[in-house]
Structures are given as C-alpha cells and as structure tokens.
Amino acid sequence: MSVSKSASKSLPGKPGQQLHKRPPLRVRLRDNWVMLALMAPGVLFFVGFFYVPMLGNVIAFQDYQPFIGFKESPLVGLANFQELFADPAFWEAVRNTLAFAALQLIFFFPAPLALALLINSLISPRVKKFVQSIVYLPHFISWVLVVALFQQVLGGAGLVSNYLRDNGLSALDVMSDPTTFPLLITGQVIWKDIGWGMIIYLAALANVDQSLYESAAVDGAGRWRRMWHVTLPAVRGVTIMLLVLRLGDVLSVGFEQFLLQRDAVGARAAEVLDTYIYYHGVVYGDWGVGAAAGLVKGVIGALMIWGANKVAHAFGEHGVYSK
Amino acid sequence: MSSFGFPLRGKDERRRVREERPAWEEPPSKIGSAAKAVVITVICAVMVLPFLTVLSTSLASREEITASGGFVLFPSEPTLDAYRTVLSGGIVSRAVVVSVLITVVGTALSLLTTIALAYALSKRGVPGGKPILLMVLFTLLFAPGMVPMYVVVKELGLLDSYWSLILPVLINAFNLVVLRAFFMNIPEELYQAARIDGAGDWRILTRIVLPLSKGVVAVVGLFYAVTYWNAFFNAMLYLNDSGKWPIQLVLRTYVVQNKSMTADQLGIAHMPPQQSLSMAVVMLALLPILALFPFLQKYFTKGVLTGAIKG
C-alpha cells in the first residue's frame, strides 16, 4: 500500500508534523477504529456475496459436484463450454434473448420519452400531477403481480375473454399463445416501467430554459421546429446515457417476467439466457454448464457496456463513466 | 433540495411557468387537444383498470361472480369474506407473516449496513477507503451469476433459511452511492465544529449526520422495503420448503399457476369462490405497496435523479 511508504517517512512522535503529513498507518488505524468497524459488515457483504461468487465462477471450468464442493471438484478445462455451445437449446435461448432485446430497444426504449413529451405539453399542473401518479404506480409492484394482473385481464378466463364470450365471440388467450408472446412481453414492460423511465426525461425537460422557447417562437419556429431544436437537444445526454445502460444490460431481458410465463407458453418461445441458466444450472443440476452460460453472459454484458461507452464518448457525451 | 445536487425548480416557480399558456405559444388546434385528451385517458385507463378489476372481484359475493362469469367491476354488496378466508390461518396467512418479517428485518439490516458503509466511505483519510469504494463501484458493472451465487449460499448453509432472502441482497450498491453522495454534501464546517466539541465519529454520525439525512434515509429505506416485499426469485431458488414461502411465491403458485387452494390448506370448511380468493391474495400482495405509494411517489423522483447524476 502506498500509505505505508508515506507513513515511514513521517517520523512518529512529532506532533507538529502530523498536522501536515499523513500520520503513520498504525495511528490512522487506531484513530479510525469506529469507521473501520462501521465498514466491516458492508465489506464482508461485498466480499461474501459478490467477490467470492465471482471466484466461484471457476465451476464453469469444473465438473462441479455439489457433495464434494468446489474446492475438490475436478477441473475439466473448456469441456463445459464445448457442451454449452453444442446445445441447440442454448442457441435458441440466445436467439430469443436477442429478439426480445431488439423489441425492447425499438418499442420500450423510446416510449418513456414520448410519454414525457406528451405530459410535458400539458398545461394544467393538476392534470399533469394526476397522470404522473397513475403511470408511476406499476413500477413498484412485483413481476408476480404484473403477470397475475395481466392474466386477470387478458388470460383465457380473464376479463376480455369473458366479455368476448358474453357477446358470442370466441375467447382469446393472449397469455398462453407463443406467437403473440413477444408482443405480450413488450407490452408488459411498457405497462410496468413507462412511468418510471419517464421521470428522468421530465426532469431534463423541466430544466430547459423557457426563454429559449420564447426566442425560438419569436424567430418564427413552429411547434415542431421548437421541439426539434430546443426540446430534443435538451434530453440528448440523458437519452444516450440510458441507451448505454440499456445496451450493457441487454442480455438481461427481465428474468422473472420470463420465468413466470415460461410454463404457459413453453420453453421454445420463452427461454432466454437467464431462464436457460436457471433450468440447466440449478434445476437439472448441470452446474458447470449453467455457470459457463452465466460467464458468457457476464463477459458479453461487460463488453457491451465498455463498447457502448466508447461510442458515447465518440459522440462527445459522458456515457455512464468518464474516461 | 439543492443538497441533492440537482437544480430542480421549486414547486411554485414551476407552477408559475406552466400555469398558463405563454403568450408566444400558438393556441392548440381542436383536433390536437382532443387527440391528446383521448390518448391520456386511454393510458390512464390501461394503467388503472387491472387494479380495479382485482379489487372489485376480491370484494364480490359468490352469486355475483357466478352471474358475471368470473369478473365483477362494480360489486353491489361488497363483502370481505374472501379476505377473512385467506387470513384465517393456513398458507396465505403464514406467507403474509413471513413477508412482513423479511421486509421489516431485511430493511432494518440493509439500512444499518448501508448507512454505516456509506458514512465511512464519505470521509477522507479512512484507511482502505479508496480501494473499498472502487470495489463497491465495480459491482455496479458486473453480476457474479446465478449458479455461483446459489453455490455460495448453499455452502454457507443458508438454504431453506430466511437469511438466504436477506444476506445475499443486503446492500444495494446503487443505494449506497446515493447515501454517500448525500453525506458528502453535508457542509464540512458542521463536522469540524462537532470535532472541536469533542465528538467522535460515532456521535457525529448519530447526532449530526443522521438527523440531517432523515429524508434520504427514508427514501433508501422505502426502496429496500419494496424490494424485499416484491422479491420472488430468491425465495424460489433458496427455499424448498413451501411452508416457508413468502407471499409472492404463494401468489405465483395459486394465482399465476392457478393451483387451487383447498379448504385444507386454508384451514377452513366453508369456501368463498376461488376467483375472489385469488384476487384477495393479489390485493394482499398489493396493499403495502399501495399504502407506501404516496411516499414513494413523493420521494423517489429525487432518489432516481441523485443516483443518475452522481452514479
């Protein structure tokens, strides 16, 4: 540690010097024992439930046997990866993941911005506030509840089906139809999180200097040109930051959402990387292969964040982290 | 508000700006305003309707449910029978107790550890502070993966223990960053004054820092509480014993997967209609969130913004 180097230079026992130079490590440890004690549980948590599992990824290279533990399980090199890449179900999960991610980028990503622009254009603050409270609510309920609510409205025994049957039409069961499943999934994400996603855009819009609009209007810019030249540039930075975050997380397309509905529509339609890892790694006990899939996913995710951030910097934006 | 480091306009100021259409803005066309009104109304209806359906069906009587074929939008004689049934002992009542306990204990522990670490990391000169901060920030970019997590929880002997629902998610790095940012914004003079008065780190935390950060601590606490209440997957992963299930897992089994609750599991002889029982369970899972929503609504905007700007 660099600390001990500077500590050895400042002679202990000369109080005048300690005001300017860093006191020795021993003294700093003693002076800060309260702080160190406060840090201890948190540090233990991050080591135990982040860094140790991180190292535990070694089971991706092992023939892991739960009864022996991961210290004793034999190393098998890249065999798990070979098995993984030879599994057609894995590639199906990859394909599904990418397809759902693309749908979300196209339909879900711009939705909060659109809603923010709409709400921002409302004049009455009371209506604005009312609409805001309503669209925020679904963010806070669990995915189990979201799926339950959708089932009650759109399921085979749900509200819409009941209504159709009462009127002599055939019922429709959107909840268990694999062909419309991508639409359902995207619809649920929008329903749940459009309000939450909107907040940050609304804040950016609230900070636009109103006199910019006025001068633009005086210069003859109409409604749409003002939006193009004043409003959209104001949300550009936020949009790019959110896009980078989204890209970095693109392989996690709502694990619980898929897990909860996989039974209803079948694995072919609803298997994504995370559910693949859960079923193959934990349920079927293929620990090594599951860990290998998780590692592949993690590495690609990290590369995506890094790459997307590079692109954001190339466009002169901050991205998620600087430099 | 400025202490959040984000120049939000004050309420009154914003109202003044948007109360009336400014003189330079052209009046909206009739079709435009009508279209806007329709779109907004549809959005609100789509958001609210599922909640209403669930609430009214949970309150409906057997006759009404049979007559309507399953769903009732306006129950003529609301009854709490379904709630009485699911709460009269048995699997749902137990799940509610479990969820409440996990939420209360989990939130308390999470707050304690998060505040402690955030406070220590907000001060300069604490040995190891910088590497530990980096260590925390790194966790925001990467996740260790489900299988190794399961293995660690298993090897720690936490399977089928309620600790498996709390310890692996004890500290959320995002919440930590928010708290630390707030603590760092407390004026340095306050700390110095306290030190001159002879207060140590512990006294400064409990007597100065915490009273000043009540608001942000409340926000972080709400976030934790909602996360604990809503958690479902960890319980499914780590708890094999269905007698230990929290409400979300019960909800999944009996409502989403549509297994029917037998009189035996509920511990009663006389059964209200299945549909209203299911909806009563949905409402039970929903109620705490609805009760907290006014606070969530009020505070979380700030929380999101602070995190987004600082993190």
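These legends go with several close-up views of a predicted two-chain model.

In this predicted model, local features need pLDDT of at least 70, side-chain atom pairs count only at pLDDT 80 or more, and totals for chains, interfaces and linings use all residues. Residues are numbered from 1 along each chain as its sequence is written, chains are lettered from A and ligands numbered from 1 in the order in which they are written, and side-chain values use heavy atoms, with hydrogens and water left out.

**View 1. Where chain A meets chain B.** Here 98 residues of chain A touch 100 residues of chain B, with contact meaning heavy atoms within 4.5 Å. The two chains bury about 8,900 Å² between them, and carbon and sulfur atoms give 76% of that; buried area is the accessible area (1.4 Å probe) that two parts lose on being put together, summed over both. On the chain A side, helix α4 (residues 33-56) gives the most, with 19 residues. Helices (H or I, at least four residues) and strands (E, at least two) are DSSP runs, numbered from the N terminus. By class, that side of chain A has 66 nonpolar, 20 polar and 12 charged residues; Ala, Val, Leu, Ile, Met, Phe, Trp, Tyr, Cys and Pro count as nonpolar, Asp, Glu, Lys and Arg as charged, and the others, Gly among them, as polar.

**View 2. Polar pairs and salt bridges between the chains.** Look between chain A and chain B for 11 residue pairs in polar contact, both residues at pLDDT 80 or more. Such a contact is a pair of N or O atoms within 3.5 Å; within protein, one must be able to donate a hydrogen and the other to accept it, and residues adjacent in sequence count only if both atoms are side-chain atoms. Zero salt bridges are found across this interface, a salt bridge being a side-chain nitrogen of Lys or Arg within 4 Å of a carboxyl oxygen of Asp or Glu.

**View 3. A salt bridge inside chain A.** The whole structure holds five salt bridges over all chains. In one, A:R268 pairs with A:E92, and the closest N and O atoms are 3.0 Å apart. This pair links distant parts of the chain, 176 residues apart: A:R268 sits in helix α15 (residues 267-270) and A:E92 in helix α6 (residues 88-108).

**View 4. Two domains of chain B.** B:V54, B:S58 and B:R62 supply 52% of the area that domain 1 buries against domain 2, more than any other three residues. Between the two domains there are zero salt bridges and one residue pair in polar contact.

View 5. In an unreviewed entry, UniProt lists transmembrane regions of chain A, including residues 227-248 and 287-306; its positions are given in the numbering used here, feature names are shortened, and annotations may be inferred rather than shown by experiment. Residues 227-248 of chain A are 100% helix, with end C-alpha atoms 29 Å apart. In chain B, the UniProt transmembrane regions (unreviewed entry) include 37-60 and 165-183. Residues 37-60 of chain B are 96% helix, while residues 165-183 of chain B are 58% helix.
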